[in-house]
Amino acid sequence: MIQIKMEGPLLAKSIKPEGCGDCPIRHRAVCAYCESAELETLERMKSYKTYEPGDPILWAGDPMRFVASVVSGAAVLSQTMEDGRRQMVGLLLPSDFIGRPGRETANFDVTAATHVTLCRFESQPFERLLHTTPTISRRLLDMTLDELDSARQWMLLLGRKTAREKLASLLAFLAQRQTHIAPDEGRGPIPIDLYISREAMADYLGLTIETVSRQISALRKDGVIELTDSRHMLVPDLSLLLDEAGDDSDGGMME
């Protein structure tokens, strides 16, 4: 069972920008390439909706009546199997896009992991806009290709990496997404909000919760991370964490 509900500082209020110009994801979201006139069109179409931790945003099979960008918070993508087991298959963070234009139903469950604010657009008007606004179509294509690259990297992680490398990869991903820095700019300390429980991390990485806890302790002992509380970490130097996420030189297991 995936543990979704959060406690503590992550329950801070969601961000609701006054307008597109004030939006914290303005230069990373689907509207990143838009000029002022195109932003005005989106401004007339959009609406904000907030969700509490654990709230369903979409169920697999639901009609896709809207698409959306995550403005603040984090949401979990998961799929339920025939026997009732749920598998976490993705983590949606600020600027990530929910929905696929032209698709009639949702393929995955989407659940709020923290307080979440979405910038939503009704599906049909948004699809019409794609035909008349090349900047949005181009940005959506770029985001889709980035998502495909990430999925291929995750296949490597799940198939070939050790437990330590898997956890380090996830933590490095969260650090880079939350601070928007490149690996060569990775001097710390960098704070990380974990968003999801250790149980959900284990599910996402194909590990046991005991292994996740053991690897967190090992990374802390080696000075790669610092624990501030159960939901927050500090990364003293991102380059060290990225080193831990790489392949072992001898191909052996790191435990």
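At 9% relative accessibility, does Tyr195 count as buried or exposed? Tyr195 counts as buried. Buried means under 20% relative accessible area, exposed means over 50%, and partly exposed lies in between (1.4 Å probe, protein chains only).

The model is predicted: local features need pLDDT of at least 70, side-chain atom pairs count only at pLDDT 80 or more, and totals for chains, interfaces and linings use all residues. Residues are numbered from 1 along each chain as its sequence is written, and side-chain values use heavy atoms, with hydrogens and water left out.

**View 1. The whole chain.** The chain holds seven helices and 11 strands. Helices (H or I, at least four residues) and strands (E, at least two) are DSSP runs, numbered from the N terminus. Of the 255 residues, 45% count as buried. The chain exposes about 13300 Å², and carbon and sulfur atoms supply 50% of that area. Accessible areas come from the Shrake-Rupley method with a 1.4 Å probe; for residues, only the protein chains shown count as cover. Among contacts between residues at least 6 apart in sequence, 75% join residues at least 24 apart. Contact means heavy atoms within 4.5 Å.

**View 2. The largest nonpolar core.** This core has 35 residues, and Leu171, Ile196 and Leu241 have the most contacts inside it. Strands E5 (86-92), E9 (187-193) and E11 (232-237) each supply at least two of its residues. So do helices H3 (134-160), H4 (163-179), H5 (198-205), H6 (209-221) and H7 (238-244). H4 gives the largest share, seven residues. Leu171 touches Ile192, Leu194, Leu219, Ile225, Met233 and Leu241, not counting residues up to four places away in sequence. A second, separate core has 20 residues, among them Val30, Leu39, Val71 and Leu130. A nonpolar core is a set of buried Ala, Val, Leu, Ile, Met, Phe, Trp, Tyr and Cys residues joined through side-chain atoms within 4.5 Å.

View 3. Four strands form an open sheet in the order E1-E8-E3-E6, with antiparallel pairing. Strand E1 (47-51) and strand E6 (97-98) are the edge strands, and each pairs on one side only. Two strands pair if DSSP finds at least two bridges between them. Strand E3 (residues 66-72) and strand E8 (residues 116-122) pair over six bridges in the antiparallel sense. Ser69 has Cys119 in E8 as its bridge partner. Helix H2 (residues 123-132) lies across E3, E6 and E8 and runs at about 70° to E8. Axes are lines fitted to C-alpha atoms, for helices over the stretch in contact, and angles run from 0 to 180 degrees between N-to-C directions.

**View 4. Ser169 in helix H4.** Ser169 sits in helix H4. Ser169 is buried, with a relative accessible area of 11%. Its side chain joins that of Lys161 in a polar contact of 3.0 Å. A polar atom of the Ser169 side chain also lies 2.8 Å from the backbone oxygen of Glu165. A polar contact is a pair of N or O atoms within 3.5 Å; within protein, one must be able to donate a hydrogen and the other to accept it, and residues adjacent in sequence count only if both atoms are side-chain atoms. Leaving aside neighbours within four places in sequence, Ser169 is in contact with Leu157, Lys161 and Ala245.

View 5. Ala151 belongs to helix H3. Ala151 is partly exposed, at 40% relative accessible area. Thr162 lies in the loop between H3 and H4. Thr162 is buried, at 4% relative accessible area. Thr162 and Gly246 are 84 residues apart in sequence and 9.4 Å apart in space, C-alpha to C-alpha.

**View 6. Helix H5 and positive phi values.** In H5, Ala200, Met201, Ala202, Tyr204 and Leu205 are buried. Their cover includes E5, H3, H4 and H6. Gly206 follows H5 and has a positive phi, near 70°. Tyr195 lies in the loop between E9 and H5. Its phi is positive too, about 70°, although Tyr195 is not a glycine. Ser95 lies in the loop between E5 and E6. Phi of Ser95 is near 90°, a positive value in a residue other than glycine. Ser95 counts as buried, at 7% relative accessibility. Most residues other than glycine have a negative phi.
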